[in-house]
Amino acid sequence: MWSEPLTAASADDGRSVVTVTVLDGQGAPVAHVRCDYNRAAHTGLFGEMVITATGGSPQQRVRALVLLVRQALAAADALGLTRVRTEAAARLLPFAERMSNLRGRELHAGGRFDLAGDLHSVRTHVLDTTGADGSDTAISPSPKLGEGAGG
């Protein structure tokens, strides 16, 4: 188990990258995601979520992923972005679709899916279905989700 509470923070390089990190209760990083953005196009790209620490319970691992999404969407909103996009592997597609309330579109590469939509709609859905601590109120991800999570 990781120490509680889990919290998320973001760091903007001021040019085109926001890195979101989830920290345990002692301030140690447990997960991160790189998000690229283009202010001129008002678009952000949510990268691969990575659990970096061992020992988290399955529920903590899922909460860490939820916190990554919540913080990335908050950062995108603060940057004035209006469109968001991500890719998900087939095994993570159900989680990505539930989190975003978007339907994935299969890419030519096979086994990967594209999800894109309006930031406001996605963020509203996420805020309505998850808690500030990463708990979910309407999302029930599969138990394997926190194991080696990646987009």
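Me: Which residue just after α2 takes a positive phi?

Reply: This is a predicted model, in which local features need pLDDT of at least 70, side-chain atom pairs count only at pLDDT 80 or more, and totals for chains, interfaces and linings use all residues. Residues are numbered from 1 along each chain as its sequence is written, and side-chain values use heavy atoms, with hydrogens and water left out. Helices (H or I, at least four residues) and strands (E, at least two) are DSSP runs, numbered from the N terminus. The phi in question is about 65 degrees, and the residue that takes it just after α2 is Asn 101.

Me: Is Glu 97 buried or exposed?

Reply: Glu 97 lies in helix α2, which spans residues 93–100. Buried means under 20% relative accessible area, exposed over 50%, and partly exposed in between (1.4 Å probe, protein chains only). The relative accessible area of Glu 97 is 16%, so Glu 97 is buried.

Me: Which side chain does the side chain of Glu 97 join in a polar contact?

Reply: A polar contact is a pair of N or O atoms within 3.5 Å; within protein, one must be able to donate a hydrogen and the other to accept it, and residues adjacent in sequence count only if both atoms are side-chain atoms. Leaving aside residues up to four places away in sequence, Glu 97 touches Leu 102, Arg 103, Gly 104 and Leu 115 (contact means heavy atoms within 4.5 Å). The polar contact is 3.4 Å, and the partner of Glu 97 is Arg 103.

Me: At what angle do α2 and α3 pack?

Reply: Axes are lines fitted to C-alpha atoms, for helices over the stretch in contact, and angles run from 0 to 180 degrees between N-to-C directions. The axes of α2 and α3 are 7 Å apart, and the angle is about 95 degrees.

Me: Which residues of α3 make the contact with α2?

Reply: On the α2 side, the contact is made by Arg 98, Met 99 and Ser 100. On the α3 side, the residues are Val 122, His 125 and Val 126.
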